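Let's take a friendly walk through this model. Please have the sequence and the 3D view open as you read.

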Amino acid sequence: MADFAKYQALGNDYLVIDPAETDLPVTPAAVRLLCDRRFGVGADGVLRLPHGPVDVGRPVALHAVNADGSACARSANGVRMVGLHLARRHAGVDRVVVLTPAGESVVEVHDAAAGLVEVDLGPARVDPAGELTAAGERFDVSVVDNGNPHAVLFLDGVDAVLARAFGEAVAGHERFPDRVNVEFTTVLGFDALRIEVHERGAGYTPASGAGACAAASAAHARGLTGRRVRVEMAGGVVEVAIGDDGAVRLCGEVEQVCTGDVSPALRSRLEEAG
């Protein structure tokens, strides 16, 4: 029994909270405090499992919240973390269907010990080409919806300095009234991309599963890459595959960092925040 289990996928980290084991609040204010890297546990968001017993033979409803307390329709890495979390708690389970506001995501755990997990996100909607001016710079952009909104910017080269300098200006651009995740993307070859990520609810992050999928979908729609793409990020590498039906699959490593209980003092602040 623990208040949370912390997972990371290439540095993109989430807290998994199971109401069967804890009564920690998951209100927007409580999540902001939990995810604070100085005054809380620290994470890019919170993933709450459903109340009551979990039947892994049926779709498992997931409630995801970004670090800033905003709702997250679906995190590709978060869904993979939940799949691994459940597989390790239910012997013999290597396939879990996770239900999110963006639809059902089929998670396959290829190697629980190594944390190799794949998810099928279904088809993405891609507006392949356009221009966007933010913070005085003009960008070549594709807009992608794969459960979350993305602006994929194509450049000759990308780095963390660029993403930190322009990420918020693009994420909060007037074109995107609900804000948008941003992928600064460069094409390395017909089967490889490099991206830097600014998430609308967490800021700069070393990796994003949905962001990697969005960049691969946008590049493929432009004819810049094939159906199988290696996506390099600051935190590491994932593999993205786009099926003949347009369904996007993401495969990469997930790791459980720790499990833990919050202190009475932090619990008190969480309850007050809620």
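## Two helices crossing

A crossing is left-handed if the near helix is turned anticlockwise from the far one by less than a right angle, and right-handed if clockwise. Helices here are DSSP runs of H or I with at least four residues, strands are runs of E with at least two, and both are numbered from the N terminus. By that rule, α1 and α5 cross in a right-handed way.

Ala29, Ala30, Leu33 and Leu34 of α1 meet Leu266, Arg269, Leu270 and Ala273 of α5, where contact means heavy atoms within 4.5 Å.

## How the model is read

This is a predicted model, in which local features need pLDDT of at least 70 and side-chain atom pairs count only at pLDDT 80 or more, while totals for chains, interfaces and linings use all residues. Residues are numbered from 1 along each chain as its sequence is written, and side-chain values use heavy atoms, leaving out hydrogens and water.

## The sheet

Six strands form an open sheet with mixed pairing, in the order β6-β5-β3-β2-β1-β20; two strands pair if DSSP finds at least two bridges between them. β1 and β2 run antiparallel, joined by 5 bridges. Ala9 has Asn12 in β2 as its bridge partner.

## Leu10 in its loop

The loop between β1 (4-9) and β2 (12-17) holds Leu10. Is Leu10 buried or exposed? Leu10 counts as buried because its relative accessibility is 16% (buried is under 20%, exposed over 50%, partly exposed in between, with a 1.4 Å probe and protein chains only).

Leu10 and Pro206 are 196 residues apart along the chain, yet their C-alpha atoms are separated by 7.0 Å.
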